[in-house]
Amino acid sequence: MPRIATSSISKHRNFPKIMPQKKAIITGITGQDGSYLSELLLEKGYKIYGIQRRASLPNTYRVDHLYDNVEDPNFNMMYGDLSDSSNLVRVINAVKPDEIYNLAAQSHVQISFDKPEYTVNVNALGPLRILETIRNLQLPIRYYQASSSEMFGKVLEIPQNESTPFNPRSPYGLSKVFAFYITKIFRDAYNIFASNGILFNHESPRRGFNFVTRKITLGLARVKLGLIDKISLGNLESQRDWGHSKDYVEAIWKILQHHEPDDFVVGTGDTHSVREFVEEAAKNLGIEIEWQGTGLDEKGVDKKTGKVLVDVDPIFFRPTEVAFLQSDSKKARAALNWEPRIDFKELARIMVEADLQYAEEEARSHRPIVTQKRYNINGSKRKPL
Ligand code: NAP
Ligand code: G4F
């Protein structure tokens, strides 16, 4: 299993003596945001219960550093799955949490085109299953729904805020629109404290390897060390409002501490293209990228050596694309007193630094720590995303 980039978290999980200890369920605890949110809640003195889905190989490497020993009363893991109502009822009833952070999802947009029904089952019906359980148990549970800027899709307004209409462009985006509205409907209909965080793209050294930023930072680190020759990407024009996951989980927590349930856009407001992210990541490796050619023939070339380090492969194009996202998070900044600390340049620097260490370890051990073989998917010559 790959090594996890850990932050300097406090081992002192003492909570203020006069306050009753809060209990939180985190679905998606083994994911990027789940792991950072776990660190935050443990520091705040919570007792947390992570929902881990069954996998044939261990899938807990992002939170293993938090798990001191089986006796740790504040860090608990339970098996569960968002597609399994009876399990969710049992877990929620057993824990009776103060808060539920629903972060679990099939979160890859391109894969949602390959697995639309599964994506909708987990991302749309999953939240409904949890909300129905809260409703039926009649417990005062605060519910957080991980909504997404992908819901804005082909944007109808720039920048996007809480009143911008949704216009999704993928099964993933549409599944998240359902989850957004069912959260709002349960809030209005049954007086449940249910809130949406509409989060724009956020990354980190714990990002999944098939999202574009991580693919670029790990890929270019491998190129730098001579482990591979180049990386292949899809749409270089695409623009995203990228922040750091660690900043965003703070917003997530604040959303559930707000005096009333509500919906909040969370982002940096600063938008860059995939091409710019490549340039910034390369700069951190001492490489200056020069772009040559256009369209499918576009190449990112090392200005010093003339070597092609980046090319375009249409396999990574999506059937329908979200071209541009830019947040207007004024509401969250004012009401939650939240703002991001890590900007675009710093994000790229942090990710490159961590992935250079990965690549160095790979070079030392002569084998990739993260293996994503070029399996044929769906019988086609698809490469890893
Ligand atoms: P991630 O790294 O892909 O993590 C997803 C988590 O969901 C993983 O723990 C995964 O388990 C779990 N999961 C998947 N299917 C499940 C199922 N059927 N039952 C139970 N758990 C399941 O995603 P992330 O980047 O942390 O994002 C967290 C949430 O925020 C997701 O809902 C995502 O859609 C949403 N979001 C993310 C961003 C972003 O830019 N990161 C922006 C807006 C919204 P395994 O570890 O076993 O795969
Ligand atoms: O990194 P991405 O795969 O993220 P995407 O599609 O924006 O989705 C992420 O952010 C959403 C928030 O808006 C989340 F809700 C969602 O769960 C996920 O975390 O792709 C970013 C852009 C896309 O336009 C894509 O077409 O990068 C483009 N891209 C170009 N080449 C690529 C590649 N994306 C991937 N994954 N791989 C490529 O080779």
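Predicted model: local features only at pLDDT ≥ 70, side-chain atom pairs only at ≥ 80, totals over all residues.
Local features are given only where pLDDT is at least 70, side-chain atom pairs count only at pLDDT 80 or more, and totals for chains, interfaces and linings use all residues. Residues are numbered from 1 along each chain as its sequence is written, while chains are lettered from A and ligands numbered from 1 in the order in which they are written. Helices (H or I, at least four residues) and strands (E, at least two) are DSSP runs, numbered from the N terminus.

**The sheet of 7 strands**

- Seven strands, in the order β3-β2-β1-β4-β5-β6-β11, form an open sheet with parallel pairing; two strands pair if DSSP finds at least two bridges between them.
- The edges are β3 (75-79) and β11 (263-266); each has a single partner strand, so one side of each is left without a neighbour in the sheet.
- From one strand to the next the twist averages 20°; angles run from 0 to 180 degrees between N-to-C directions, and axes are lines fitted to C-alpha atoms, for helices over the stretch in contact.
- Strand β2 (residues 47-52) pairs with β3 in the parallel sense over 5 bridges, and Gly50 stands opposite Met77 in β3.
- α1 packs on this sheet and touches β1 (23-27), β2, β3 and β4 (99-102), with its direction at about 165° to that of β2; residues are in contact if their C-beta atoms, placed from the backbone, lie within 7 Å.
- Helix α4 (residues 116-137) lies across β4, β5 and β6 (194-199) and runs at about 165° to β5.

**The sheet of 4 strands**

- A second open sheet has 4 strands in the order β8-β15-β14-β13, and its pairing is mixed.
- β8 (231-233) and β13 stand at the edges with a single partner strand each, so one side of each is left without a neighbour in the sheet.
- Neighbouring strands of this sheet are turned by 25° against each other on average, direction ignored.
- β8 and β15 run parallel and are joined by 3 bridges; the bridge partner of Ser232 in β15 is Asp311.
- β14 and strand β15 (residues 308-312) pair in the antiparallel sense over 3 bridges, and Val301 has Val308 as its bridge partner in β15.
- The hairpin of β14 and β15 has 5 residues between the strands, and Gly306 in the turn has a positive phi of about 80°.
- Strands β13 (residues 289-292) and β14 (residues 299-302) run antiparallel and are joined by 4 bridges; Trp291 is partnered by Gly300 in β14.
- In the hairpin of β13 and β14 there are 6 residues between the strands, and Gly293 takes a positive phi near 80°.
- Helix α8 (residues 274-283) lies across β8, β13, β14 and β15 and runs at about 145° to β13.
- α6 lies across β8 and β15 and runs at about 160° to β8.

**Helices α6 and α10**

- The axes of helix α6 (residues 212-224) and helix α10 (residues 344-365) come within 8 Å and cross at roughly 50°.
- α6 and α10 are therefore oblique to each other (angles under 35 degrees count as roughly parallel, over 145 as roughly antiparallel, 65 to 115 as roughly perpendicular and the rest as oblique).
- The residues of α6 that meet α10 are Thr213, Arg214, Thr217, Leu218, Ala221 and Arg222, and those they meet in α10 are Met351, Val352, Asp355, Leu356, Tyr358 and Ala359.
- By class, this contact of α6 with α10 has 7 nonpolar, 2 polar and 3 charged residues (Ala, Val, Leu, Ile, Met, Phe, Trp, Tyr, Cys and Pro count as nonpolar, Asp, Glu, Lys and Arg as charged, and the others, Gly among them, as polar).

**Ligand surroundings**

- Ligand 1 is surrounded by 26 residues, the closest being Gly28, Gly31, Ala104, Ala105 and Ala146; a residue is near a molecule if its C-beta atom, placed from the backbone, lies within 6 Å of it.
- α1 (32-43) and β5 (142-148) each supply at least two residues of the shell around ligand 1, and the largest share, 3 residues, comes from α1.
- The shell around ligand 1 has 9 nonpolar, 14 polar and 3 charged residues.
- Ligand 2 is surrounded by 24 residues, the closest being Val109, Ser148, Val212, Gly234 and Ser238.
- α3 (109-114) and α6 each supply at least two residues of the shell around ligand 2, which has 10 nonpolar, 9 polar and 5 charged residues.

How values were computed:
Contact = placed C-beta atoms within 7 Å.
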